[in-house]
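Please look at the sequence and the 3D structure below before reading on.

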Amino acid sequence: MLYTLNFFVCAIAAGLYLIMALGQGVDFINGRPIFWVRYVSWFISTPLLLLILISW
């Protein structure tokens, strides 16, 4: 189970950072870029990382 959770944490992060690298998931507010995809990545991967810590 731990290996599966670790895989999904890495896969989610890699996929969402690829989206950012391709120029998607960014909005400009007052001329400054806001990469909202990064927050989506944190929102999904943080509970998985906490679950890994609990089950370890």
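## Basis of the model

This is a predicted model, in which local features need pLDDT of at least 70 and side-chain atom pairs count only at pLDDT 80 or more, while totals for chains, interfaces and linings use all residues. Residues are numbered from 1 along each chain as its sequence is written, and side-chain values use heavy atoms, with hydrogens and water left out.

## The nonpolar patch

On the surface, Tyr17, Ile29, Ile34, Trp36, Tyr39, Val40, Trp42, Phe43 and Ile44 form a nonpolar patch with about 920 Å² of accessible area together. Such areas come from the Shrake-Rupley method with a 1.4 Å probe, and for residues only the protein chains shown count as cover. A patch joins nonpolar side chains (Val, Leu, Ile, Met, Phe, Trp, Tyr) within 5 Å, or like charges within 9 Å, taking residues with over 30% relative accessible area and no salt bridge (a side-chain nitrogen of Lys or Arg within 4 Å of a carboxyl oxygen of Asp or Glu).

Helix H2, residues 36-55, gives the most to this patch, with six residues; helices are DSSP runs (H or I, at least four residues) numbered from the N terminus.

Val40 has its place in helix H2 and is partly exposed, with a relative accessible area of 31%, where partly exposed lies between buried (under 20%) and exposed (over 50%). Its C-alpha atom is separated by 16 Å from that of Leu22, 18 residues apart along the chain.

Ile19 lies in helix H1, residues 2-21, and counts as partly exposed at 34% relative accessibility. Leaving aside neighbours within four places in sequence, Ile19 is in contact (heavy atoms within 4.5 Å) with Gln24 and Val37.

Methods:
Helix = DSSP H or I, 4+ residues; strand = E, 2+ residues; numbered from the N terminus. Buried < 20%, exposed > 50% of the residue type's maximum accessible area, 1.4 Å probe, protein only.
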